[in-house]
Amino acid sequence: MGFYADHILPRLINLAMRNGQLVPYRRRVLALAEGRVLEIGMGSGQNLPFYTASATAIFGLEPYPKLLAMASTKASIIPSTLLEASAESLPLNDASIDTVVATWTLCSIPDVTAALAEIHRVLKPDGQFLFVEHGLAQDEGVRRWQHRMTPMWKRLAGGCHLDRPIAVLLRNAGFEVTRLDTGYMKGPKPMTFMYEGSARPV
């Protein structure tokens with residue numbers, strides 16, 4: 001996995017995240033980001049052009065150095081600090097972040113429960129968690145395919161799970177989901193059931 005993880009996988013992730021269908025999701029979610037922002041899984045920085053002046057600082061977290069190097073070349077109107085670290089152990093103080101952003105990231109974090117606990121920890125009590133994720137579909141037939149495909153898919157796609165129940169995970173981690181829109185994006189249904197919304201720590 002060494003060469004694949006270090007060289008091939010970051011390029012595949014970057015290519016996938018450049019999908020034009022993702023742009024409307026990015027625009028809607030990032031327009032709501034305010035104050036000190038932590039972006040979980042910044043990748044190659046595809047979100048950076050969509051932040052507005054409502055964000056005063058961005059901390060971009062990413063475990064892949066090659067993706068961070070790509071992100072460092074992206075233009076942004078907001079001061080950004082790039083952090084090579086994992087979401088399960090955030091290098092930030094308690095209650096120090098106004099907005100956490102995750103776009104197509106929770107699917108691939110190895111210990112998503114620990115990551116959500118860390119997000120809860122660093123968010124201010126009145127902070128917000130903005131997310132766009134793919135995950136477990138509502139249709140039982142699609143769910144069956146997601147469960148069947150995930151063991152192989154996650155080995156090929158950097159740990160990506162097709163069948164994580166995003167809203168349930170958030171609620172179990174101590175968040176109140178304040179807005180949630182779901183539905184299929186264009187493409188194969190097992191891979192394109194989207195959760196878009198916001199949550200707050202409780």
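Q: In what order do the elements of the protein run from the N terminus on?
A: In this predicted model, the order is α-α-β-β-α-β-β-α-β-α-α-β-β, and the secondary structure comes to 6 helices and 7 strands.

Q: Why is the pair formed by the rings of F129 and F131 called tilted?
A: The ring centres of F129 and F131 are 6.0 Å apart, and a pair needs centres within 6.5 Å, so the two rings count as an aromatic pair. Their planes stand at 55 degrees, whereas stacked would require under 30 degrees and edge-to-face over 60, and therefore the pair is tilted. A search of the whole structure finds 5 aromatic pairs.

Q: What makes F129 and F175 an aromatic pair, and which parts of the chain does the pair link?
A: The centres of the F129 and F175 rings lie 5.6 Å apart, which is within the 6.5 Å cut-off, and the 50 degrees between their planes again gives the label tilted. The pair links distant parts of the chain, because F129 belongs to strand β5 (residues 123-134) and F175 to strand β6 (residues 175-184), 46 residues apart. Both F129 and F175 are buried, and F129, F131 and F175 form one aromatic cluster.

Q: How do you know that the charged end of R148 sits over the ring of W145?
A: The charged end of R148 is 5.0 Å from the centre of the W145 ring, and the rule asks for a distance within 6 Å together with a position within 35 degrees of the ring normal. The charged end of K189 likewise sits over the ring of Y184, at 4.9 Å from its centre.

Q: Which residues touch the most other members of the largest nonpolar core, and which element supplies the largest share?
A: Of the 34 residues in this core, L38, I40, V100, I119 and F129 touch the most other members. Several elements each supply at least two residues, including β1 (35-40), β4 (97-103) and β7 (193-201), while the largest share, 5 residues, comes from α4. Setting aside its neighbours within four places in sequence, I40 is in contact with residues including L61, L90, V100 and I119. Another core, of 20 residues, lies apart from the largest one and has V29, A33, V37 and M42 among its members. In soluble globular proteins, nonpolar side chains tend to be buried together.

Q: Why are C107 and C160 not called a disulfide?
A: The cysteine sulfur nearest to that of C107 belongs to C160 and is 3.6 Å away, whereas a disulfide requires sulfur atoms within 2.5 Å, so C107 is in no disulfide.

Q: Are C107 and C160 buried or exposed?
A: C107 has a relative accessible area of 4% and C160 one of 8%; the limit for buried is under 20%, and therefore both cysteines are buried.

Methods
Residues numbered from 1 in each chain as written. Predicted model: local features only at pLDDT ≥ 70, side-chain atom pairs only at ≥ 80, totals over all residues. Heavy atoms only, no water. Helix = DSSP H or I, 4+ residues; strand = E, 2+ residues; numbered from the N terminus. Buried < 20%, exposed > 50% of the residue type's maximum accessible area, 1.4 Å probe, protein only. Core = buried A, V, L, I, M, F, W, Y, C linked by side-chain atoms within 4.5 Å. Contact = heavy atoms within 4.5 Å.
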